[in-house]
Amino acid sequence: MNRLALLAVALLAAPAHAETVVVTAEHMIDVVTGKTVDYPAVFITDGRITSIADARTVRWGADVRHIDLSGKTILPGLIDMHVHLDANPRYGGYDGLQFTDSFWTVQAVGNAQAMLRAGFTTVRNVGSENYSDVGLKQAIDEGLTPGPRIVPAAHSLGATGGHCDQTYLPPSYKAKGAAVGDGPQDLRRIVREQRKYGAEVIKICATGGVFSRNTEPGQQQLSEEEMRAIADEAHQWGLRVAAHAHGAAGIKAAIRAGIDTIEHASLVDEEGIKLAAARKQPVWFSMDIFNTDYTQAEGAKNGVLPDNLRKDREIAQIQRDNFRKAHAAGVKMVFGTDAGVMPHGSAAGQFRVMVRYGMTAIEAIRTATVNAARALGREGDIGTIAVGRYGDMLAVDGDPLKDVSVLTRPAAVIKGGVRVD
C-alpha cells in the first residue's frame, strides 16, 4: 500500500472531531498546594484535560458539552491503592464455597461500579483469582461495563502455607495458591508469569494475615532474599511491588529488599518506621485503618471464623496507633482500604479515621490523589486536576478541607470527561 493510500486509511479511521467537555463548579481543590480555586472551568478533550480557566470570564461554543456543577466543590478522582474487587464481605470463612468459581468474577462487576459511584476513578486491585481483575479491567476499558481505571496485580505471590496460599482445605483437595513459590528463582518465574498475563503491579505476602487460616499476622513468610529477587525482577520489567506485611520483621525485610508499598503495616516498630522514612528510594505505607469497624460489627454474621475475628480485633488499635506514629515520623502514605473485606462503596469512610489519627484533611486527601499517583508512577495521568491528566473528578457539597466526611457523599463523579450515572 502506498503512502497516499495509508493516509486515506488513517483519515477514515480517525474520529470526525474530538469531543470537548467543560466542567464548571463553584470551587476546586488544588491538592498539590492545598488551596481552593474559585469558579474553575476545566476543559476536557477526548478524556484528557486541555486547559483550566476562570468560568466567570471564559466562553465556549455550542459544540462544547457543559457539565454544570454550580455550588459544588471539585477535586481529582480518588485512588484506592488496596482493593479486592472479586471479594465480597458478605461471604466469610467457608461460606464462599457454596458458589462456582466464576461467581466471584461476575459479582466483581457490581463492586467496580460501587467504587466508581463512590468517587474512586482509579483502583489498584492487589490480588485476584483466575485473572479476574485483568479481565474486568479489559471489559471496562472496552466500554462494556462501567468502572474505575484498574491497576491489576492478578495472582498474589506467597510462600507455601502462607497467607497467599489456599489454607482452608484439607490435603485431599490438593488446593494450592496459583502464584505460590519457594525460593528466589521460583518466585522470579512467577513474577514473569503474572506480568505475561496482564499484571501491572506485583502483590506479595511477606507475612501472615488476618483472614487466612493457620497464619498469624506477625509471622514473616518470605525471606528478605526472596523479596529482593521479586523486587529486582519486577523492577526490571517496569512493575512496582506491593507487600502485604503486618509483622514488624517482615515489614523491615520488605523495606530493605526494595519493595515499593507496604500494605497494612499494622505491627510496624520504631526501627521499621525509621527505615521507611529514611529510604532514599521512596517506600509508601498503605494502612487500612477503617475496615475493622465493619469486620468487628458484621463479621460473625457474615461467616467469618472466630479465629479470624480474634486476629482482626487484636491488631486493630495497634495499627491505628502506628498509623499516627508513622505519619508523624514523615513516612510517605497512600490511601488503601482493603475494600472487599468491607463493602466497596463505603471506602471513603476511611478519610475521617485518617484525620482522627493525626492527618489534616488535605494530607488525607493527598494520600488518595497525588501521593497515590506518584506511588503508581502515573502522576502524568491521574491524581491532580491539571493539563494532560485524565478528566477524572469528584464533586461534593461543602468544603472537604474543613469536613473531610463530605467525601462519603459524592454529588457527582466524572471519569474521562463523562459524568457517571
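Lys174 lies in the loop between β8 and α4; helices (H or I, at least four residues) and strands (E, at least two) are DSSP runs, numbered from the N terminus. The phi of Lys174 is near 50°, a positive value in a residue other than glycine. Lys174 is also exposed, with a relative accessible area of 73%. Here exposed means over 50% relative accessible area, buried means under 20%, and partly exposed is what falls in between, using a 1.4 Å probe and protein chains only.

Before going on, keep in mind that this is a predicted model, in which local features need pLDDT of at least 70 and side-chain atom pairs count only at pLDDT 80 or more, while totals for chains, interfaces and linings use all residues. Residues are numbered from 1 along each chain as its sequence is written, and side-chain values use heavy atoms, with hydrogens and water left out.

How confident is the predictor? pLDDT is its confidence in each residue, from 0 to 100, and the chain averages a pLDDT of 95, with 96% of the residues scoring at least 70. Residues 1–16 are another story, with a pLDDT below 50. Beyond near neighbours in sequence, that stretch has two contacts in the model, a contact being heavy atoms within 4.5 Å.

What does Cys164 pair with? Cys164 forms a disulfide with Cys205, and their sulfur atoms are 1.8 Å apart. The rule for a disulfide is a pair of cysteine sulfur atoms within 2.5 Å, and by that rule the count comes to one. The torsion about the S-S bond of Cys164 and Cys205 is about 55°, so the disulfide is right-handed.

Five strands form an open sheet in the order β9-β10-β11-β12-β13, and the pairing is parallel. At the edges stand β9 and β13 (332–334), each with a single partner strand, so one side of each is left without a neighbour in the sheet. From one strand to the next the twist averages 30°; the axes behind such angles are lines fitted to C-alpha atoms, for helices over the stretch in contact, and angles run from 0 to 180 degrees between N-to-C directions.

Now look at β9 beside strand β10 (residues 240–245): the two pair in the parallel sense over five bridges. Two strands count as paired if DSSP finds at least two bridges between them. Five of the six residues of β10 are buried, so β10 is largely enclosed by the rest of the structure.

Helix α6 (residues 248–257) is where Ala254 is found. Is Ala254 buried or exposed? Ala254 is buried, with a relative accessible area of 0%. Leaving aside its neighbours within four places in sequence, Ala254 is in contact with Met227, Ala243, Ile259, Ile262 and Arg279.

There is some antiparallel pairing to see as well. Strand β1 (residues 20–30) and β3 pair in the antiparallel sense over five bridges, with Thr24 opposite Ala41 in β3. Strand β3 (residues 40–45) is mostly covered, as five of its six residues are buried. Six bridges join β3 to strand β4 (residues 48–54), and these two run antiparallel; Val42 stands opposite Ile52 in β4. β3 and β4 form a hairpin with two residues between them, and Asp46 in the turn has a positive phi of about 50°.

Asn130 has a positive phi too, about 55°, although it is not a glycine. Asn130 lies in the loop between β7 (120–125) and α3 (132–141).

Finally, the record. UniProt, in an unreviewed entry, places the feature "domain: Amidohydrolase-related" at residues 73–418; its positions are given in the numbering used here, feature names are shortened, and annotations may be inferred rather than shown by experiment. In the model, the end C-alpha atoms of residues 73–418 lie 17 Å apart, and the span is 35% helix and 15% strand.

Conventions: pLDDT is the predictor's confidence in each residue, from 0 to 100.
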